[in-house]
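Me: I've got a structure open and I'd like to learn how to read its side-chain contacts. Can you walk me through it?

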Amino acid sequence: ILGSFPLMTIYGVKNTVIYRSRNGVWQTNLYKAVPFGFGEGESSVVAAGAAVNTIELGGVTAQVLVCFDLRFPELFRVLSPPPAIFILVASWPLSRIDVWEKLLVARATENQSWVVASNSSGDDLGLALGGRSKIISPSGRVVLSLSAHEEFGHFEINLEEVEQLRTVFPVDDYRPKL
């Protein structure tokens, strides 16, 4: 995954995740569900995505979300059972980085899924971005945590952890049917 950018679509401008598929073709079919801005900024010029964003990673479905989508747990519960992996591409500011870190752990824990979250770092037109990209296990354990600076990390995800946890503690079986 490369990142997210505003791109013109037939439905207007959308905050679009650009990624390279397994066969090497660049894809632009993943969109941010909830534009940010409370009537200003992004939300005044960017249209919301309408579909659940999924990609296949080695035979496993991963759901892709963008930035502000993290604040909406219902977006992480659209698929049942939840996918084994959530990928989040973001530009959370340093001023809200504590919330970023708490919500990542919450989303991994409540869905018993891996959360792989990449956050921008540095300065964007005077806004300090928070960095601190993370990988969170299905039990909510932070297994990789990068600094606020530009940095790369590596961690091998064990997908069996998802099934083991969901077998021992089958939370999704008790999900309310509203």
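Me: How many aromatic pairs does the count come to?

Reply: Keep in mind that this is a predicted model. The count comes to four aromatic pairs. Take F68 and F72: their ring centres are 5.2 Å apart and the planes sit at 85°, so this pair is edge-to-face. F68 is buried at 10% relative accessible area, while F72, at 23%, is partly exposed.

Me: What kind of pair do W92 and W100 make?

Reply: Planes over 60 degrees apart would be edge-to-face and under 30 stacked, with the rest called tilted. The W92 and W100 planes are at 45°, with centres 5.9 Å apart, so the pair is tilted. Both W92 and W100 are buried.

Me: Now the charges. How many salt bridges are there?

Reply: The general idea is that side chains of opposite charge can pair when their charged atoms come close. Here the count is five salt bridges. One of them joins D172 to R77, with the closest N and O atoms 3.1 Å apart. D172 is in the segment after α3 and R77 in the loop between β5 and β6, so the pair ties together parts 95 residues apart in sequence. D172 is buried at 19% relative accessibility, and R77 is buried too, at 17%.

Me: Which parts does the K134 and E101 pair tie together?

Reply: K134 belongs to strand β10 and E101 to helix α2, so this pair links parts that are 33 residues apart in sequence. The closest N and O atoms are 3.1 Å apart. K134 is buried, at 6%, whereas E101 is partly exposed, at 21%.

Me: Where do R107 and E110 lie?

Reply: Both are in helix α2, three residues apart, which is about one turn of the helix. R107 is buried at 5%, and E110 is partly exposed at 30%. Salt bridges with shared partners also join R77, D172 and R175 into one network.

Me: Which ring does the charged end of R107 sit over?

Reply: That of F76, with the charged end 5.7 Å from the ring centre.

Me: Which element has the lowest mean pLDDT?

Reply: As a rule, where pLDDT is low, the predicted coordinates should not be read in detail. Helix α1 has the lowest mean, 67, and strand β10 the highest, 97. Over the protein, pLDDT averages 86, and 93% of the residues score at least 70.

Technical notes. Residues are numbered from 1 along each chain as its sequence is written. This is a predicted model: local features need pLDDT of at least 70, side-chain atom pairs count only at pLDDT 80 or more; totals for chains, interfaces and linings use all residues. Side-chain values use heavy atoms; hydrogens and water are left out. Rings of Phe, Tyr and Trp (its six-membered ring) pair if their centres lie within 6.5 Å; planes under 30 degrees apart count as stacked, over 60 as edge-to-face and the rest as tilted. Buried means under 20% relative accessible area, exposed over 50%, partly exposed in between (1.4 Å probe, protein chains only). A charge sits over a ring if NZ of Lys or CZ of Arg is within 6 Å of the ring centre and within 35 degrees of the ring normal. pLDDT is the predictor's confidence in each residue, from 0 to 100. Helices (H or I, at least four residues) and strands (E, at least two) are DSSP runs, numbered from the N terminus. A salt bridge is a side-chain nitrogen of Lys or Arg within 4 Å of a carboxyl oxygen of Asp or Glu.
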